[in-house]
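The sequence and structure come before the details.

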Amino acid sequence: MSHSQQSGPALDPETGEPLRKIPLAVTFFDPYPSYRVFGDFLGPVAFIRHLVIPCALFGILIAVSDWYALLEHMQRVSFSFSFIQMFVLSLLTVNLLSKWMAGTAMARRGVASRQFGMRLQFGILLKFFTDRAPTKGLRPREQRAVDAIPLLTKLLLFTVALSIWAIRRREGGALPDLSLAIAASSFGAFLFTANPLFPADGYKWLSSYLERPNLRQDSLRILAMILRRRPLPSALTRGDLWVHMIFGIATVLFSAFLLYLIITVVLLGLEAEYDGMGVLYFCIMIAMVTLFFISLRQNKRASKRVKNEQKKRRA
């Protein structure tokens, strides 16, 4: 952790204002100078982003044509320790490259991301991050382009890795296994993060496309107001109401399904492994997660209260 983080809040070197505090995160360094250099280096080949979708379709055709060979290879290596290592490292690499490319896209549009590091999402998922809050100052079209870069990066990695696997799979060795691990991790990460009902890259792109930066929060708030029969904001048009209602209902249903799926898998796994004690372990885990989210919410409320008091003092 940097010295600035130990002595006080980190400051933006251009404006002198405190940088946004990201929860459950460790910031490594200011990536903006590196993003600018990397953006200048990739400038001549920036047109590749327009070819990613056709290339991804080509990758899917490879997977379909070699489906049985792909499935056989996956079944043969999926439970080996070396492949699990490759898969985990591939997940981190895919995440790192997608965040790095997003920061590079921001720098090419004159927007500075001043924080790069690792964070725990939902308190359990370790992932890299780059601060993309400054993209709110971009025009909607440019913001959509930046938000699409992580998804396009995953698709490009999937296509390249699967093409290498298709070419080298008959030769054996570590390269086909590594290519398969990268292809599987990048495609899985794409499917996971492209879902707009999950707060990830797909949601950010949809929010910028609809020009509603707080789409999820506003949709849930409006849905709660409808259920409680409270009056809706007068500025809300009929079209906006339907967008928020549909997205809010879909978000609630998806979150409930995901929670049910996770609870079922974990409970059945613990019960099968530890019998009756597995249920006790599961209850302890639920209690720990609940306490974590309660403390996180209390911290957010306390932080909001402090900010409101500071505003009142300034006024």
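Helices (H or I, at least four residues) and strands (E, at least two) are DSSP runs, numbered from the N terminus. The model is predicted: local features need pLDDT of at least 70 and side-chain atom pairs count only at pLDDT 80 or more, while totals for chains, interfaces and linings use all residues. Residues are numbered from 1 along each chain as its sequence is written, and side-chain values use heavy atoms, with hydrogens and water left out.

**Ser113**

Ser113 lies in the loop that runs between helix H5 (81-108) and strand S2 (116-121). Its relative accessibility is 0%, so Ser113 counts as buried (under 20% relative accessible area, with exposed over 50% and partly exposed in between; 1.4 Å probe, protein chains only). Two distances from the side chain of Ser113 are tabulated.

| Partner of the Ser113 side chain | Distance |
|---|---|
| Thr130, side chain | 2.8 Å |

Beyond its neighbours within four places in sequence, Ser113 is in contact (heavy atoms within 4.5 Å) with residues including Asp30, Tyr32 and Met106.

**Helix H9**

The buried residues of H9 are Leu215, Ser219, Ile222, Leu223 and Met225. They cover an arc of only 160 degrees around the axis, which puts them on the same side of H9; the arc is that of the directions from the helix axis to the C-beta atoms. These buried residues pack against helix H8 (201-210) and helix H10 (238-274). Arg229, which follows H9, has a positive phi near 60 degrees.

Note on methods:
Polar contact = N/O pair within 3.5 Å; in protein donor to acceptor, adjacent residues only side chain to side chain.
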